[in-house]
Amino acid sequence: MEYGLYVITDEKLSHGLTHAQIARQAIAGGADVVQLRDKTCDCGYLRRCAEEIRDITRGSGVPFIVNDRLDIALQSGADGVHLGQEDTPLKFA
């Protein structure tokens with residue numbers, strides 16, 4: 001698949017917006033995919049953010065990807081997970 005606008009959420013760069021607010025604005029602006037990325041927050045917060053974004057993206061038909069965290073992707077019902085070289089090995093995912 002080819003995507004024109006692939007948005008990655010990052011609260012540290014968002015000038016005070018939450019992951020969910022970024023996702024809503026991205027979709028309103030024409031995003032084709034939304035990826036949740038947060039390498040510093042605790043697991044509970046990340047799961048809640050993922051569930052909220054999943055609800056937002058499900059209603060719009062935009063695919064939702066979770067960065068690094070297969071467990072959070074599975075728990076939230078995400079459409080996929082982005083795994084880097086230091087994340088869960090692909091054969092286990």
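**A parallel sheet, its helices and its salt bridges**

Helix H1, formed by residues 19-28, lies across strands E1 and E2 and runs at about 165° to E1. On the sheet there also packs helix H2 (residues 43-60), which touches E2 and strand E3 (64-67). The direction of H2 makes about 170° with that of E2. The model described here is predicted. Its protein chain has a mean pLDDT of 92, and 91% of the residues reach 70 or more. Within the chain, confidence is highest in E2, at 98, and lowest in E4, at a mean of 93.

The sheet itself may now be considered. It is open and consists of 4 strands in the order E1-E2-E3-E4, with parallel pairing. Strand E1 (6-9) and strand E4 (80-82) stand at the edges; each has a single partner strand, so one side of each is left without a neighbour in the sheet. On average, neighbouring strands are turned by 30° against each other, direction ignored. The pairing of E1 with strand E2 (residues 33-36) is parallel and extends over 4 bridges. Opposite Leu-36 in E2 stands Thr-9.

Attention turns next to charged side chains. Side chains of opposite charge can pair when their charged atoms come close. In this model the count comes to 7 salt bridges. One of them joins Asp-68 to Lys-39, with the closest N and O atoms 2.5 Å apart. Asp-68 belongs to the loop between E3 and helix H3 (70-76), whereas Lys-39 belongs to the loop between E2 and H2; the pair therefore ties together parts that are 29 residues apart in sequence.

Another salt bridge lies within a helix. The side chains of Arg-58 and Asp-55 meet at 3.8 Å, N to O. These two residues are 3 residues apart in helix H2, and so they are separated by about one helical turn. Arg-58 counts as exposed, at 52% relative accessibility, and Asp-55 likewise counts as exposed, at 54%.

A further salt bridge is formed by the side chains of Arg-69 and Asp-71, at 2.7 Å from N to O. Arg-69 is partly exposed, with a relative accessible area of 27%. Asp-71 also counts as partly exposed, at 31% relative accessibility.

Note on methods
Residues numbered from 1 in each chain as written. Predicted model: local features only at pLDDT ≥ 70, side-chain atom pairs only at ≥ 80, totals over all residues. Heavy atoms only, no water. Pairing = 2+ DSSP bridges. Axes fitted to C-alpha atoms, helices over the stretch in contact; angles between N-to-C directions. Contact = heavy atoms within 4.5 Å. pLDDT = per-residue confidence, 0-100. Salt bridge = Lys/Arg side-chain N within 4 Å of Asp/Glu carboxyl O. Buried < 20%, exposed > 50% of the residue type's maximum accessible area, 1.4 Å probe, protein only.
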